[in-house]
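Please consult the sequence and structure shown here alongside the text.

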Amino acid sequence: IKDKFPDEMKKHDIELKKSEIEMFDQGSYKYSTTIRSSVIDRDVAVMIPLDIEKYPDPRKIKGYLRDAISHVAARTVKIKEPCVNVSYYENGVEWMHIDLPLYAKHNDKVYLARGKEFATQYSWELADPKGLNDDLCSRINKNEQLRRVIRYIKKWRNDKYENSTLDHEVPPSIGLTYLACDCFASSVTLEGEDDLVALQQTMTNIKNKFALTYEDGELVKAEISRYLPVEPYTDVFQKMKDASDSYGVTFYKRLSTAVQNLTNAVNVESEHDAGNYVKKVLGDEFKVPPKQT
């Protein structure tokens, strides 16, 4: 990017120096809340100085970034709504993708390039990615039990939404991370930290934050909100809510099932039985302790 993006911009009469390009991790790599999965997923911010009044169409700038890095056969590069996405393949199977959100610095403010390549809706959206990083790092760093609880919740999300293909159906990772921070309930016994109880209480607290609407005894809407503490101060669950009421209902019901299974795990005496309940939450990779003889 640093070698080729300036040359691509120059083709379109935009001056960009290699030294002006800033790149930094966002998301789980920054907060050390990554979890193992079949496809490695990383978010790397690309920030450049740019007069967005002179260049008001972020789709074009994202296109120049895409063109700058579309030169290796083993990967594909495409423009998504919030970023440029690079997917890496081996023997035709994707093993890693890197999301590159593109930011413009203009008049001491930072703006995120939003919009797909041919979208009718696009904008430079006020943002503060470094402020977001700082806020979450200040909450998570030096609290290893919270960090682990965030990972458990993300693993639960990935397992339960494994086959989801619809836009905004899956609860966003940033939303789950903030809810875990807000609702975290530490649990320590004489034997040390008790992650099972911490997870059960934290997910119970998240469940209790939902606003529920029933019609004729049936749950028809389950809403939860979490606003970013930095610009643009938006509700990270808004797109999920705008897409379909059913997404929130599914989220709530799946969370409720997880809470019930974790509560059962806390209440049984046998570690083997508890493990079987936890496996229902975290998936088949969870190792159930053997039966005691």
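The sections below treat the basis of the model, its nonpolar cores, its cavity and its salt bridges.

## Basis of the model

The model is predicted; local features need pLDDT of at least 70 and side-chain atom pairs count only at pLDDT 80 or more, whereas totals for chains, interfaces and linings use all residues. Residues are numbered from 1 along each chain as its sequence is written, and side-chain values use heavy atoms, with hydrogens and water left out.

## Nonpolar cores

A nonpolar core is a set of buried Ala, Val, Leu, Ile, Met, Phe, Trp, Tyr and Cys residues joined through side-chain atoms within 4.5 Å; buried means under 20% relative accessible area, exposed over 50%, and partly exposed in between (1.4 Å probe, protein chains only). The largest such core has 43 residues, and Ile153, Trp156, Met203 and Phe251 have the most contacts inside it. Among the elements that give two or more residues to this core are helices H5 (144–160), H7 (195–207) and H9 (245–267), as well as strand E12 (218–223). H9 gives the most, with nine residues. Helices (H or I, at least four residues) and strands (E, at least two) are DSSP runs, numbered from the N terminus.

Beyond its neighbours within four places in sequence, Trp156 is in contact with Met203, Phe251, Arg254, Leu255, Ala258, Val281 and Leu282, where contact means heavy atoms within 4.5 Å. A second, separate core of 27 residues includes Ile14, Ile52, Val84 and Ala104.

## Cavity

The largest cavity has a volume of about 100 Å³. On a 1 Å grid over the protein atoms alone, a cavity is a set of points where a 1.4 Å probe fits but cannot get out, and lining residues have an atom within 4 Å of a point. Grid points are joined across faces, edges and corners, and the volume is the space filled by probe spheres set on the points.

Its lining includes Phe210, Lys221, Glu223, Asp245 and Phe251. E12, helix H8 (238–243) and H9 each supply at least two lining residues.

## Salt bridges

A salt bridge is a side-chain nitrogen of Lys or Arg within 4 Å of a carboxyl oxygen of Asp or Glu; the whole structure has 22. Glu22 pairs with Lys130, their closest N and O atoms being 2.2 Å apart. Because Glu22 lies in strand E1 (residues 22–26) and Lys130 in helix H4, this pair ties together parts 108 residues apart in sequence.

Glu81 forms a salt bridge with Lys239 at 3.6 Å between the closest N and O atoms. Glu81, Arg114, Glu125 and Lys239 are linked in a network of salt bridges.

Methods:
On a 1 Å grid over the protein atoms alone, a cavity is a set of points where a 1.4 Å probe fits but cannot get out, and a pocket is an open set with protein on both sides within 12 Å along at least five of seven lines; lining residues have an atom within 4 Å of a point.
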